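Here is a report on pockets. Rolling a probe the size of a water molecule over the atoms shows where empty space is left.

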Amino acid sequence: MIHPRELDNVSCLAMLSFEERAALALRMIEIPVLPGQDILREGSPSSAAFVLLDGQLSVRKRLVVNEQPYELPGILPVGEWFGLVSVLDGAPASARVRAVTAARLGAIGKEDFEALLRSGDPVGPKLLRAWLSSIADQLQRVNESVLMLRLFLEQNKL
Amino acid sequence: MQIMDDRLDEVARNLRANPIFKSMGAVEAVSVLKAGTTMACGEGEVLFAEGDPCDGFYVVLTGRFGVMGVRDGEPLALAIIGPGECIGEMSLTRATPRSATVRALSNSTVWHLAGSVFETLIAQGDTRATHILQGLQVEICRRFRDELLVGAELAARASAVDEGRLLVESLGWEV
């Protein structure tokens, strides 16, 4: 059972009132994970969106260009959602997410989320907006990296 | 100015390729269009300037707009936005100020959904807000996956030299 106060630290949910976070918490399930356990595997679609409530997770995005694998490693902070893009567009996850320590997750299944959107409860569009904002923030960071790489390649005529 | 009722179907048909409208049926598209207004912009007029607070998002109905930048000290349109394309949707999603100045390159008209209207639709759980967000969802997820691949391709090219490999690593990428 997830207490609504645990969603206070989920930054992109700041636009939800306490009552709305409580309604969302009721629709979520709590998942305990063990160190070393994979929560998402790259190449597999995700059936749920997850938020880290406690513990530490590693994230590794893997992309293959001209048969050369490139990886974006990182540590997921508490309060961060993951699995969003895959749950929204239905395509396979591009990242592997693995527990570094014992951890607790909150999860909302794809079907439960879609039912929430259809229900007319404002929590549905508010949650979708929060998720899109989180993806747009990540996109902005990738855009900035791409700009720096383009500039470097242009300056060095590569 | 509101779109005249007898033109709503025609405008909705013209927006079929727009990422926000293409997943909507005709009835939903007309219903969403009714929540916004149309505006005329004369050639050279600034739609919004870099740093302005977000006032909603726009869809070009006629004419052309330029996303302005500066090259060699001169203002330059870095990207051209034409009929059926969106302007300012990322700023609306992230609730952040405008990241660039957008100027009309010809006499143009746009459909505008005010940020305050969008927020009200969301707060009320209005199905139109869900339709708009689901359109944005498709577009943002596509852009995110595409841009990751572009990043990986550029990282691969930059890694051909030592300095580039260091830059790639400093950006958080790993071979």
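## Pockets and their linings

Strand 5 of chain A supplies five residues to the lining of the second largest pocket, the largest share. The model is predicted: local features need pLDDT of at least 70, side-chain atom pairs count only at pLDDT 80 or more, and totals for chains, interfaces and linings use all residues. Residues are numbered from 1 along each chain as its sequence is written, chains are lettered from A and ligands numbered from 1 in the order written, and side-chain values use heavy atoms, without hydrogens and water.

A pocket is an open set of points on a 1 Å grid over the protein atoms alone, where a 1.4 Å probe fits, with protein on both sides within 12 Å along at least five of seven lines; lining residues have an atom within 4 Å of a point. A volume is the space filled by probe spheres set on the points, which are joined across faces, edges and corners. Helices (H or I, at least four residues) and strands (E, at least two) are DSSP runs, numbered from the N terminus.

| Pocket | Volume |
|---|---|
| Largest pocket | about 1,600 Å³ |
| Second largest pocket | about 730 Å³ |

The second largest pocket has 31 lining residues. Nearest its centre lie Val59(A), Lys61(A), Leu72(A), Gln138(A) and Phe144(B). Elements giving two or more residues to this lining include strand 4 (57–65) of chain A and helix 5 of chain B.

The largest pocket is lined by 38 residues. Asn143(A), Val67(B), Ala79(B), Ser99(B) and Ala100(B) are the closest to its centre. Helix 4 of chain A gives the most to this lining, eight residues.
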